[in-house]
Amino acid sequence: MGIYLNSTSACTLYQNESIKPYFVDKTQILEEIFPLIEEGSNYICITRPRRFGKTVMANMIASFLVKGEDSHRIFCDLDIARSEKYAKHMNQHNVIYISFNEIPYGCKSYLQYIERIQKGIIKDLKRAYSNLELEISDSVWDILREIHEYGGKEKFVFVLDEWDFIFHQDFVTEQDKKEYILFLSNLLKDKPYVSLAYMTGILPIAKYSSGSELNMFLEYTMASEEKYSNYFGFVESEVDELYIRYLSLNQEPKVTREGLRTWYDGYHTMGGERVYNPRSVVASLLNNNLGNYWTSSGPYDEIFYYIRNNVDAVRDDIARMVSGTPVTAEVREYAATSMNLSTKDEIFSAMVVYGFLSYESGCVSIPNKELMDKFADMLKKEPSLDYVYRLARESERMLKATLAEDTKTMLSILEYAHDTEVPLLSYNNEADLTAVVNLVYLSARNYYRIEREDKAGRGYVDFIFYPEMDRNADCLILELKVDDTPEAAIQQIKDRSYALRFQGKLGEALKYTGRILAVGIAYDKASKKHNCKIEVLKNFR
């Protein structure tokens, strides 16, 4: 047992994780790992944003495979225990686990950082293979090759977590980065002692390895590869299960299932499956509170630096996304460099890689309310986007006016929006009007779950507002029209029976007990004027 070689640390950490109340069993990934080990010389790299479970999975893989430990106590009741290859691989492999986010105390140079890792591995190897005359002055790969040649063809599984961590450290130079890539290449590439290299990180390898140094790795990203996607983040069925567990553990639950979706959903796999931010879901359930658990350190600040310095390229698209409208983008994850983002697509690519935006069907969008709050913070600080913030600031007044059926105030706010000459206010179609309506109702998201194009009655409604905080609050159905009348919008709401969405099934108790308001908003392109109308469809009070 050592610090890096066959360490017990991963077992301890994963066991601690497995007994937590909101643990999710993702051990089935091992079924896909076993054949790779048996074939030998396989290299996979999983890249995901922070807080998507990469380290938990790395600990799990290491703790299952590691030789010299009895991990059966951890895994005997988990899914992988049903595998035919369970006993064949349980604690049968030499594992070298490197967590690259560990920095020596007082570290001020790359040399200090990498020497700690190399010396630590060599020390472990000398202790484990004391029967061989290993030279401590040799490089770690020379020693591993010697062990393989003279120690019975020994092979090793490498589990490398947060491989790109070092690139975000101030003391690392461009030359250091090249040296680091060369270190990984010398350690792993074309080496007979490698049975598997499993590596995780945020940034794709292509970002830093422009040559062939690390081309032996197959990369699996959230936006471009479907394989392994179910093992990182929580899918719908897993959140459903966690929520049932939460209800059984809390006498006074304050978190709703729809609230979890609004706050933490919004990501997508390559195959189109919805994915939740796992750390935020667990924190919310543990704290019995829907809140913002996204941390804003590191790359967050770097990315928004580029937004500020390329604001002309992204300003209108940021406004559209804040309004809830997806934006077409060509995402190339390898472009996610924190050193030189020069185009809109590069900025958005970086934001997808770091988890600030989701990417689906050629469009980027702000995934959920948790991230929307971060963008709202940015709007307050960015002068060039202040027009969006000013509109959002009016949104509290817009909601109050709507609930009071005060169409005069609603019109004044919409005209104010138009008069600010917001660039996206071309109103060429309903999409532009939709973007502005999203902005002027931004604060409503604090009280309502707002769905766009939701199935209701006999069609799809433009906007439907479901009360989240108070079941006695008014429900809103909002329909938009360009070059038509608000009366026509309200008639559509009636004709297509959108209000049925609030009334539930026959015989069920009413979930919402306030009024149901039909809101029609229209814009005439010739006169450049808005018009509004509100009608009470139902009153359950």
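**Notebook: Leu-403, the cores and the cysteines**

I began with the neighbours of Leu-403: leaving out residues up to four places away in sequence, Leu-403 touches Tyr-448, Asp-474, Leu-476, Arg-515 and Leu-517, where contact means heavy atoms within 4.5 Å. A reminder to myself: this is a predicted model, where local features need pLDDT of at least 70 and side-chain atom pairs count only at pLDDT 80 or more, while totals for chains, interfaces and linings use all residues. I number residues from 1 along each chain as its sequence is written, and side-chain values use heavy atoms, with hydrogens and water left out.

Next I looked up where Leu-403 sits, and found it in helix α17 (residues 395-403); helices are DSSP runs of H or I, at least four residues, numbered from the N terminus. Leu-403 is partly exposed, because its relative accessible area is 27% (buried is under 20%, exposed over 50%, partly exposed in between, with a 1.4 Å probe and protein chains only). Its C-alpha atom is 9.4 Å from that of Ala-473, 70 residues apart along the chain.

Of its 67 residues, Ile-318, Val-322, Phe-348 and Tyr-441 touch the most other members. Helix α14 (residues 344-353) gives this core its largest share, six residues. A second, separate core has 45 residues, including Cys-107 and Trp-141.

Last, I checked the cysteines. With a disulfide taken as a pair of cysteine sulfur atoms within 2.5 Å, I get zero disulfides. Cys-532 counts as buried because its relative accessibility is 9%, whereas Cys-363, at 23%, is partly exposed.

Key. Helices (H or I, at least four residues) and strands (E, at least two) are DSSP runs, numbered from the N terminus. A nonpolar core is a set of buried Ala, Val, Leu, Ile, Met, Phe, Trp, Tyr and Cys residues joined through side-chain atoms within 4.5 Å.
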